[in-house]
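Please look over the sequence and the structure first, and then read on.

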Amino acid sequence: MPDSPIAPPADVVTVLPAGRTVFGMQLPVQSQSTIYVEPWEADAGPDELARVALACEAAGFFYVGVCDHTFIPERLAGAMSTVWYDTVATLGWLAAVTSEIRLLSHIYVAALRHPLRAAKEFATLDVLSSGRIICGVGAGHVNEEFDLMAPEFSARGPATDEAIAGMALAMTEEFPVLPGPRWPAEGVGLKPRPVQAPRPPIWVGGSSPAALRRTARFADGWLPQSVGPNLELLATLHDLRAELRDGAPLDIGAIAYPCYLGTPPAGNDLPPGTVQGSAEHLVEYLAPFAEAGIGQVQVRFPAHSVEELCDQIAAFGAEVAPRVGA
């Protein structure tokens, strides 16, 4: 695979704390794919969304994440549903609801937007959140979104490379010069400038060979789309980072299987693959993530109500998270 002609960002921006593994969670309610939605979410809204975000903040989670799809075509609506809150609007609202936790786009389909537009959005979010934004970006997978909004689906890889590089440059410089080829620009100024210097971090999502190469060349961090820790993928990513960015630091993430601390109430059937049991059992399950050098792990908790979910978050934050990698 030839390297992109687009130059990667000049700086690397890492934000994960050194020497320990932290946790994040994709928020419920705001996206309701049948892969992970719980029945109680169908009637939930902003109150429940805020309650879960604040529970994560109180439990010491590093971030909460918000998904991104502009629309869902009818052919996919049965599996994905059509409930997908707007990413930028929701992160802006969460910036006012919370005060300390990081706010992650997970993931923003970068090639669907002009990089100057995206840079304006994330710089503004960074100001509104007092410097808590993480730009999680990816190539996308819904053909129809590209048919209506952006380059051809088959061209989304090079377009994503250009979008990431353009976003990084425009968040770093007030008057960026974007070389193109899709979005050339110069002589334009963007304010407000982000709080984080030189810019908010950009984490790239995906576990395919193309995504790994894009991460190694353009990203500050990695958001895999497969359950980890996958030592083979990690080794490949580290080798690519050494080749393409001279081994520059990279914030490494992973996704865990669903977790449940304790015994669920009667009638709460846990999804297949759920890691369920005592705090010691969950610490034992998560220990290999820390041993593999993974800095952040995304977790989720099956629950039949928002109350049960918040209880799980609180218990995990108190009994499990501080002991992983300790």
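Which residue caps the N-terminal end of H8? Asparagine 230 does so, with a side-chain oxygen that lies 3.1 Å from the backbone nitrogen of glutamate 232; a polar contact here is a pair of N or O atoms within 3.5 Å, where within protein one must be able to donate a hydrogen and the other to accept it, and where residues adjacent in sequence count only if both atoms are side-chain atoms.

The model is predicted, and local features need pLDDT of at least 70, side-chain atom pairs count only at pLDDT 80 or more, and totals for chains, interfaces and linings use all residues. Residues are numbered from 1 along each chain as its sequence is written, and side-chain values use heavy atoms, with hydrogens and water left out.

**The chain as a whole**

The chain has 10 helices and 11 strands, where helices (H or I, at least four residues) and strands (E, at least two) are DSSP runs numbered from the N terminus. Its radius of gyration is 19 Å, close to the 20 Å that the globule rule gives for 326 residues, so the chain is as compact as a globular protein of that length; this radius is taken over C-alpha atoms, and the rule is 2.2 Å times the number of residues to the power 0.38. Among contacts (heavy atoms within 4.5 Å) between residues at least 6 apart in sequence, 72% join residues at least 24 apart.

The 15 residues of H8 (residues 231-245) should span 21 Å, and its end C-alpha atoms are 20 Å apart, which agrees; the expected span is 1.5 Å times one less than the number of residues. In H8, Leu233, Leu234, Leu237, Leu240, Arg241, Leu244 and Arg245 are buried. They cover an arc of only 130° around the axis, which puts them on the same side of H8, the arc being that of the directions from the helix axis to the C-beta atoms. On the other side of H8, Leu231, Glu232, Asp239 and Glu243 are exposed, while the buried residues pack against helix H7 (209-218), strand S7 (221-223) and strand S8 (251-255).

The buried residues of H4, including Leu116, Phe122 and Leu125, pack against partners among which are H3, strand S5 (133-138) and H6.

**Backbone exceptions**

Most residues other than glycine have a negative phi, and most peptide bonds are trans. The table gives exceptions of both kinds.

| Site | Backbone value |
|---|---|
| Lysine 191 to proline 192 | cis, omega near 10° |
| Glycine 228 to proline 229 | cis, omega near 0° |
| Serine 81 | positive phi, about 60° |
| Aspartate 246 | positive phi, near 55° |
| Serine 130 | positive phi, about 60° |

Proline 192 lies in the loop between helix H6 (156-172) and strand S6 (202-205), and proline 229 in the loop between S7 and H8. Serine 81, in the loop between helix H2 (74-80) and helix H3 (87-97), is buried, with a relative accessible area of 16%. Aspartate 246, in the loop between H8 and S8, is exposed, with a relative accessible area of 75%.

Methods:
Buried < 20%, exposed > 50% of the residue type's maximum accessible area, 1.4 Å probe, protein only.
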